[in-house]
Amino acid sequence: VNALRTGVAGACAVAALAVLPCAAAAPGAYADPAFTVPLDAGLRAFYRRDFAAARDGFTAALAVVPDNTLALAFLNATAAQTPGAFDALVAAEEDRLTGDPHGYVTQLRLGFSYAFSGALGRDRNDDAREALEAAAAARPGAAAPHDGLGILRENERSINRIEYAGASGWS
């Protein structure tokens, strides 16, 4: 279980680094203390392994900037650290679909959660791609769904490299 949690945290860190260039493209959010203070609190709590406080920080940051991919990635990683919390997060996001089936934020958050499911050994990449494409269609020009799609593509490339190495006898 600890190895899985370490792997999940590492996957989140990679995902977070992948979206940082896009985060820099939105300087307004990162200049707003209403967003940066809870984001900072969430990040500090995450690395202290205080996952309840981390979840609160990322949730508060997302209340200000609902499509921030850094906060979304860390919210998923935080949920994955507490047994049952990730499944509860996905279930709540799926429940939101009934009231907002084509909503940008609804589809974006669900897409990120489905994409993150792969770090937990669940293949929801097709569902993630569908949700992220729906988010992109709901808000053309928004960067966040494309960030998520890019993370999916990178994850697929990594899996393909691992499968090739295993099939060819590399280790």
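Among contacts in the protein chain between residues at least 6 apart in sequence, 57% join residues at least 24 apart; contact here means heavy atoms within 4.5 Å. This is a predicted model, in which local features need pLDDT of at least 70 and side-chain atom pairs count only at pLDDT 80 or more, while totals for chains, interfaces and linings use all residues. Residues are numbered from 1 along each chain as its sequence is written, and side-chain values use heavy atoms, with hydrogens and water left out.

The overall layout, then. The protein chain has nine helices and zero strands, and from the N terminus on its elements run α-α-α-α-α-α-α-α-α. Helices (H or I, at least four residues) and strands (E, at least two) are DSSP runs, numbered from the N terminus. Of the 171 residues in the protein chain, 40% are buried. Buried means under 20% relative accessible area, exposed over 50%, and partly exposed in between, with a 1.4 Å probe and protein chains only.

Now the helix packing. Helix α3 covers residues 33–47 and helix α4 residues 51–64; they pack at an angle of about 160°, with their axes 7 Å apart. Axes are lines fitted to C-alpha atoms, for helices over the stretch in contact, and angles run from 0 to 180 degrees between N-to-C directions. The two helices are therefore roughly antiparallel to each other; the cut-offs are under 35 degrees for roughly parallel, over 145 for roughly antiparallel, 65 to 115 for roughly perpendicular, and oblique for the rest. α3 passes α4 in a left-handed crossing, that is, the near helix is turned anticlockwise from the far one by less than a right angle, clockwise being right-handed. On the α3 side the contact includes A34, F35, P38 and L39, and on the α4 side F51, A53, A54 and G57 are among the residues involved. By class, this contact of α3 with α4 has 14 nonpolar, two polar and no charged residues. Ala, Val, Leu, Ile, Met, Phe, Trp, Tyr, Cys and Pro count as nonpolar, Asp, Glu, Lys and Arg as charged, and the others, Gly among them, as polar.

On to α4 and α5. Their axes come within 9 Å and cross at roughly 155°, so α4 and α5 are also roughly antiparallel to each other. This crossing is left-handed. F51, A54, R55, F58, T59 and L62 in α4 meet A71, L72, F74, L75 and T78 in α5. The classes here are eight nonpolar, two polar and one charged.

Next, the rings. Rings of Phe, Tyr and Trp (its six-membered ring) pair if their centres lie within 6.5 Å; planes under 30 degrees apart count as stacked, over 60 as edge-to-face and the rest as tilted. The count comes to seven aromatic pairs. One of them, F46 with Y47, is edge-to-face, at 5.1 Å centre to centre and 85° between the planes. F46 counts as buried at 5% relative accessibility, whereas Y47 is exposed at 54%. F58 and F74 form a tilted pair, 5.7 Å centre to centre with 35° between the planes. F58 lies in α4 and F74 in α5 (residues 69–80), so this pair ties together parts 16 residues apart in sequence. F58 is buried at 0% relative accessibility, and F74 is buried at 4%. F46, Y47, F51, F58 and F74 form one aromatic cluster.

Last, a residue elsewhere. Leaving out residues up to four places away in sequence, E93 touches T106, R109, L110 and S113.
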